[in-house]
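Please read the following note beside the sequence and the model. It treats selected side-chain contacts and the metal site in turn.

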Amino acid sequence: MSAPFTIKTETFFTIEMPFRERMETRRTVFTGGDGPRVAVVAGIHGDELEGLYCCHRLAALLEELQRTSPNALLGSVELYPAVNTLGLDTLTRGLPVFDVDLNRSFPGSATGPLPNRLADALMAALSGAALVVDIHASNIYLREIPQVRINQDFDDLLVPIARRMNLDLIWLHGAATVLETTVAHSLNSTDTPCLVVEMGVGMRITPEYCDQLVAGLLTVWKDLGVLAPDVPVPDITHTPFIADDSNVHFLNAQTSGMFIPAAAHWTGVRRGDVLGTIVSPFHGDTLSEVRSPVDGILFTLREYPLVYEGSLMARVMARKGGRA
Ligand SMILES: [Zn+2]
């Protein structure tokens with residue numbers, strides 16, 4: 001007789017607010033058997049919503065599984081859709097009042113200001129999971145293809161998992177460029193594997209990207225034995241390219257102004273191609289052009305039109321290694 005499939009929403013962090021209300025940060029826990037435990041984290045940045053929609057889709061699928069095949073969940077799944085609740089409620093990227101980027105507050109501490117305590121509570125909740133996926137949605141300025149970013153210190157363990165995630169790109173970062181105060185670095189440093197997914201754009205939802213990632217998550221959960229082998233999951237249709245600091249080119253604005261894109265996101269470009277122009281709302285001439293420095297693939301593209309000289313406009317991955 002297998003264990004019952006339960007679903008419960010519970011509070012993993014709470015603190016009293018100035019007017020004696022309580023802030024409560026919640027997760028939903030789906031428990032089937034005593035197999036591996038996995039988690040999805042979203043909303044660490046309050047202006048990023050793609051991960052919230054992924055959690056909704058995963059919750060819908062797991063609720064359906066509970067109704068139709070309650071023995072299919074062999075382990076447990078935890079969804080943390082809204083870690084920075086104050087930021088999400090007020091459309092603020094950081095943690096309001098404290099004006100802190102929550103993803104620069106890890107591993108946190110049990111005492112001290114709210115960001116440290118929230119980080120500490122999240123670390124305690126996630127520690128020991130077989131896999132944590134932390135979903136980010138760029139920011140309001142740049143659109144990203146579905147990708148995973150991995151610190152090269154942990155690539156032996158994480159790249160094989162990332163290859164199964166149905167994403168378009170695995171971007172390996174050199175140790176020197178890694179921020180050690182993120183939840184992912186804090187978890188990976190303490191033997192809880194964590195993958196960082198970046199996709200879409202801030203303040204928006206891109207349902208096709210979310211569906212793509214959900215198919216990858218279900219596949220990986222099946223690989224890990226969280227889901228039974230006979231659970232039907234959508235096919236993996238995307239094979240990732242591998243990028244690292246040697247073949248990613250950053251394109252910055254040569255002038256301030258208003259950016260008008262001329263190339264479609266996630267397409268092949270040739271060296272010298274105009275990816276967009278920067279114009280003035282006062283005059284009819286073009287102030288500057290954004291051109292690709294290499295033959296490659298346009299995987300980051302400016303979304304928010306107003307730019308300052310030096311603003312990041314695009315990233316192009318030079319073709320070298322091919323797909324993973
Ligand atoms: Zn983020």
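1. Arg37 has a relative accessibility of 23%, so this residue counts as partly exposed; buried means under 20% relative accessible area, exposed over 50%, and partly exposed in between, with a 1.4 Å probe and protein chains only. The model is predicted: local features need pLDDT of at least 70, side-chain atom pairs count only at pLDDT 80 or more, and totals for chains, interfaces and linings use all residues. Residues are numbered from 1 along each chain as its sequence is written, and side-chain values use heavy atoms, with hydrogens and water left out.

2. Arg37 forms a salt bridge with Glu78, with 3.1 Å between the closest N and O atoms (a side-chain nitrogen of Lys or Arg within 4 Å of a carboxyl oxygen of Asp or Glu). This pair links distant parts of the chain, since Arg37 is in strand β3 and Glu78 in strand β4, 41 residues apart; helices (H or I, at least four residues) and strands (E, at least two) are DSSP runs, numbered from the N terminus. Glu78 is buried, at a relative accessible area of 5%. Both residues belong to a network of salt bridges that also links Lys8, Glu10 and Arg27.

3. The structure holds 17 salt bridges. One of them joins Glu144 and Arg315, whose closest N and O atoms are 2.7 Å apart. Glu144 lies in strand β6 and Arg315 in strand β17 (residues 312-318), so the pair ties together parts that are 171 residues apart in sequence. Glu144 is buried at 2% relative accessibility, and Arg315 is buried at 9%.

4. Which residues coordinate the zinc ion? The donors are His45 (ND1), Glu48 (OE), Glu48 (OE) and His136 (ND1), at 2.0 to 2.4 Å; donors are N, O and S atoms within 2.8 Å of the metal (3.2 Å for Na, K and Ca), and sites may look incomplete because water is not among the atoms. The angles run from 57 to 153°, which makes the arrangement irregular (neither tetrahedral, with four donors and all angles between 85 and 135 degrees, nor square planar for four or octahedral for six, with opposite donors over 155 degrees apart and all others between 65 and 115). Both His45 and His136 are buried.

5. Five aromatic pairs are found in the whole structure (ring centres of Phe, Tyr and Trp, its six-membered ring, within 6.5 Å; planes under 30 degrees apart are stacked, over 60 edge-to-face, the rest tilted). Phe12 and Tyr80 form an edge-to-face pair, 5.1 Å centre to centre with 75° between the planes.
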